[in-house]
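Student: I am new to this structure. Could you take me through it in short steps?

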Amino acid sequence: MTTHTEAAPPQVIPLPDAPRKRRKLTAYWLLLPGIAWLVVFFAVPMVYQASTSLQTGSLEQGFKLTWHFATYWDALNEYKWHFVRSFAYAAVATVLCLAIGYPLAYTIAFKANRRWRNVILILVIAPFFTSFLIRTLAWKTILSDGGPVVSTLNSLHLLSLTDAVGLTSGHRVLATPLAVVCGLTYNFLPFMILPLYTSLERIDPRLHEAAGDLYARPFTTFRKVTFPISLPGVVAGTLLTFIPASGDYINAQLLGSPSEQMVGNGIQKQFLNVLDYPTAAALSFILMALILGMVTVYMRKAGTEELV
Amino acid sequence: MTEQLRDAATAGGDVRLTGIGKTYGDFTAVHPLDLTVPQGSFFALLGASGCGKTTTLRMIAGLEEPTTGTVVIGGQDVTVLPPYRRPVNTVFQSYALFPHLDIFENVAFGLRRRGKKDVKKQVEEMLDLVELGPMARRKPHQLSGGQQQRVAVARALINHPQVLLLDEPLGALDLKLRRQMQLELKRIQTEVGITFVHVTHDQEEAMTMADTIAVMNGGRVEQLGAPAELYENPATTFVANFLGQSNLIPAEVTGRSGDDLLLSAAGVRLTVPRSRCATEATRIHLGVRPEKITIAHASATVPEGRNRISGTVADSSFIGVSTQYVVRSESGQEIAVFEQNMERDGRIAPGAPVVLHWNPAHSFGLDASQAIDAGTGEETA
C-alpha cells in the first residue's frame, strides 16, 4: 500500500432523521391556526348550508334533507331581478370607485411628498374608524329630501336628468338606485384605492422619464407604461370592490326602497323574516357561483399571470 | 443600421451649453457653466456623487429645467422643449427598462411612438448590433445585468439621436463586466459616430472611453481636456487627486534658472519647468505621479538633473504587475511610488533607506492655496 495524495471525497453528513422531519413539519404547524379557522368557520358552515339548501320542511315541523334541487330554480326565478340589480349596482359602483380612486392613488403615489402621502392615506382609511352602519346612516341624512345635496341638485336641474334615465325618481335621491350606488361607492372606495396605490407606488419614476425620453407624451406614457404596469392593482381593486358590493344589503336597505333591493336583502329576508332556510341557503350558493364565474372570466381576460 | 445611424450623426451637431445652471432653493447643484461637446465625440462628465454631473446631463435630456442658461443641440435651442421633443436619448442608470414589455417592444418603443415603418426590421438589426437577437421575446427581468444594459443602449440608439446621454450606465455591473462593456460602448460609438455624453464617477472608465473629459466638482467644471492631458497636466489639486493618484509635496519657489523654477521642499532642492507650473504663487504643491518616480537603494547614483528625495520605505505591497511603495521622506512626507515588476526579486524591504528620483518635466506645480487633499475621498470637508 503506497501513500495516496488524492483528496478524500467530501463526506455528506446526513442530518439525523428526527430534526429533518421536525423541520418539514414546521410549515404545517404554521398553517394550523389558519386551517383550523377556515375549517371551523368556513368549511363546516358551507357543508351545513349546502345541506340546508337541499332540505324541505318548515321551522315548526323541522327540515329534512330531501335533495330538493328545485329550490335553486325557484329561488333564482323569484329573485332574478335582485341578482340583476346586485350585479348592476356593484358594477357601476366599481367603475365609479375606479374613476375616483385611480386619480387619487396616482396623486398619492407620484405627486404628493412624503408627509402629504401619509396624511392622504390616513384620510383614505379614516372612515373605517366609524362603523359601516353609522356611515351609511349618515348618508341617509346627507341625501335626505330637504338636505343640501338634493336641493343643490334640484336647483341645477340635474335631478330632472337623472329622473329621465331612471337613476332617480320624483326629484329625490333617497330610495333610488342612485342613492344605493352612491352608498356602495363610498363604502368600498378604500378597497379600491389601497391596492391601486400599492401597485402604483412600486413603479420606478424613472420609467416615466424613460418613456418621455423615448418620445411618449405624458398621456401616452400613462397609457403605455403606467396603466399597464398598474393592472394587477386595478384587478385587485375591482375584485375587492365588486365582490363585497354585490353581496351587500346594508346600502340597499338603508338608502334604497323595496324596488332597489339586492340579493343580500333577499337572503337576509329569507333567513331572518320568512325563516325559509333552504331558499336563503340556495340564494347564497347561487350568488357565490355567479361571482366565482364572473371573477374567473375576468381574471382570464385581464391575464394577470402575464404581469410581473 | 450602422450607416443609418451615421447619417443621423452627421446631420446632428454640437451640444452647446451656455451659462447653464441649476439651483434647488438655497442649494446650487450646478454653477452656471459653458460647455461645448463637439459632434461625434465621446464626452465624459466625471466627478464624485453630488458634483452636478447628473444634473447637467438631465438638463441636456430635458428631464430637469435649468435655472439659468440655454441648451443648444445641433444649432437648435431646446432649452424649453420637453424631453419627448428633443433629438437626444438617454441610457438611464439602472436602465429603466419597461418591465411589462419584452425586449423587442422595449427597443421598439421609441419607433412606435413616432409612428415609424418597418419597426420589425430595424429592431432586429439593432438587437443584432448589441448581440441580443435570440432574447427578443424575453422580459427584462429574465436578462442578466450586462444584457439589460445592452437593451438600454439599443432602446436609445435605435432612434438615431443626435446625442446619446449615458447616466452612469455601467454602475450596476461588476468590475469584469464593466471593463467589457466599456470597450463595447466605445466600439458602438466608433461604429455609429453619434455624440456620446457619458456621466461617471469612475475615473478609469472615463479615461478608457472618452475623447474629452470634463472633471466636475462642487457644481463647477474643474478642468476639461483629453484624458492624457488631464492626467499629465492637472490644473487643480482636485483633478490631480481624483484622476489617478498624485504625490503633492508642499514647496516654496526660491528662484529661477532658465526655464525652470527652483523650489525648496522642507530643505530639499527640487525643480519644475515653468511651463508646467499653473500658478505664479510662491507657495505651491509640487505634484508627481507615483509611476514617474524611480526608487533606488540609498547608495545608488542618481543621474544629473533629476529631482531627488531620500527617505525610508514605510510600506510595500506587491500587486502583480507592479509593487507599490510608500516612502517616508526625511521631512516626514509620505510619497507613493509604483515600480513595474520587471526584475525578479527586486523588491526593497520596508525600513530600507532609499532615494527617489524623477525627471522634473514629469512634475507639475499647483497653487498651494487649494486643499492638498481635495478629490482624494478623504478630504476634511
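Student: What is the strand order of the open sheet of six strands in chain B?
Tutor: This is a predicted model. The open sheet in chain B has six strands, and their pairing is mixed. Read across the sheet, the order is 6-7-8-3-9-10.

Student: Which strands are the edge strands?
Tutor: An edge strand here pairs on one side only. Residues 88-91 of chain B form one of them, and residues 220-225 form the other. They are strand 6 and strand 10 of chain B.

Student: By how many degrees are neighbouring strands of this sheet turned against each other on average?
Tutor: Ignore the direction of the strands for this value.

Student: In which sense do strand 3 and strand 9 of chain B pair?
Tutor: Strand 3 covers residues 42-46 of chain B, and strand 9 covers residues 212-217. One bridge joins B:Phe43 to B:Thr212 in strand 9. The two strands pair over four bridges, and the sense is parallel.

Student: How far apart are the centres of domain 1 and domain 2 of chain B?
Tutor: The domain assignment places domain 1 at 2-232 and domain 2 at 237-380 of chain B. The centres are taken over C-alpha atoms. Their separation is 38 Å.

Student: Which elements give two or more residues to the side of domain 1 of chain B that touches domain 2?
Tutor: The contact takes seven residues from domain 1 of chain B and six residues from domain 2. On the domain 1 side, three are nonpolar, three polar and one charged. The elements giving two or more residues to that side are strand 9, strand 10 and helix 8 (227-232) of chain B.

Student: Which element gives the largest share of the side of chain B that touches chain A?
Tutor: Here 18 residues of chain B contact 17 residues of chain A. The chain B side has 10 nonpolar, six polar and two charged residues. Strand 6 and helix 3 (103-113) of chain B each give two or more residues. The largest share, three residues, comes from helix 3 of chain B.

Student: How far apart are the end C-alpha atoms over residues 225-245 of chain A?
Tutor: An unreviewed UniProt entry annotates several stretches of chain A as "transmembrane region", among them 87-106 and 225-245. Residues 87-106 of chain A are 100% helix, with end C-alpha atoms 27 Å apart. Residues 225-245 of chain A are also 100% helix, with 0% strand. Their end C-alpha atoms are apart by 30 Å.

Notes
Residues are numbered from 1 along each chain as its sequence is written. Chains are lettered from A and ligands numbered from 1 in the order in which they are written. This is a predicted model: local features need pLDDT of at least 70, side-chain atom pairs count only at pLDDT 80 or more; totals for chains, interfaces and linings use all residues. Two strands pair if DSSP finds at least two bridges between them. Axes are lines fitted to C-alpha atoms, for helices over the stretch in contact, and angles run from 0 to 180 degrees between N-to-C directions. Domain bounds come from an automatic or database domain assignment. Two residues are in contact if their C-beta atoms, placed from the backbone, lie within 7 Å. Ala, Val, Leu, Ile, Met, Phe, Trp, Tyr, Cys and Pro count as nonpolar, Asp, Glu, Lys and Arg as charged, and the others, Gly among them, as polar. UniProt positions are given in the numbering used here, feature names are shortened, and annotations may be inferred rather than shown by experiment.
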